[in-house]
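Hello,

Here is the structure I promised to hand over. My notes follow below it.

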Amino acid sequence: GEPNVGKSTLLNALLGEKRFITANMPHTTRQPNDVTVEHEGHIYQFIDTAGVRKHASMMRSGTHLEKVGVDKTLDTIGRSDVALFVLDITRGITAQDRHLAGRLAEEGISTIIIANKWDLIPKKTPTSVNEYEKIVRGFLPQLKHAPVLFTSALTGQRAKDIYELVNHVFATRFTQLSDDEAK
């Protein structure tokens, strides 16, 4: 995802400890950081990646370290079994989010869309999740088969549900669909 959507905070919530540095300023994470976790008998390797800004913005004002971090992030995406595509749901879906979603789809990466910062959405109703999911799917049609999980990395809300989704997405990664099912 983009800078400051909560990728490091989400990993801290998954780990149950403050392992990764988090801050309100962009580019706290400059290059991928790996962590191996055992959860309910399964081993997971998570990689905290640098946020990816629009190419033009990065070329105009980015540092060399940011550019290297973004290159490593994009390389990491290509090697992933399952990508957790973290969005800041309070900002809506940005052009950069759409670009990154296209890249994930183009590379055939199994993806889970993490709509983070759900705790900051005001005046939620019992149907809010469905309404927001329609918005996410409308802006990211290239990830139409990706599950969407609404979380709060800061509070840990639904963060642990990621493990079950990763297991499901990984298990179905190589399932072949007929032409009718794929539509």
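Which residues of H6 are buried? They are Ile162, Tyr163, Leu165, Val166 and Val169. Buried means under 20% relative accessible area, exposed over 50%, with partly exposed in between (1.4 Å probe, protein chains only). An α-helix has 3.6 residues a turn, so residues three or four places apart point the same way. Glu164 and Ala171 are exposed on the other side of H6.

Before the rest, the ground rules. This is a predicted model: local features need pLDDT of at least 70, side-chain atom pairs count only at pLDDT 80 or more, and totals for chains, interfaces and linings use all residues. Residues are numbered from 1 along each chain as its sequence is written, and side-chain values use heavy atoms, with hydrogens and water left out.

H6 spans residues 161-172. Its twelve residues reach 17 Å from first C-alpha to last, close to the 16 Å expected at 1.5 Å a residue (1.5 Å times one less than the number of residues).

What does the buried side of H6 pack against? The partners are helix H1 (7-15) and strands S1 (33-39), S2 (42-48), S3 (82-88), S4 (110-116) and S5 (148-150). Contact means heavy atoms within 4.5 Å.

Now the whole chain. It has seven helices and five strands. Both are DSSP runs numbered from the N terminus: helices are H or I, at least four residues; strands are E, at least two. Of its 183 residues, 42% count as buried.

Best wishes
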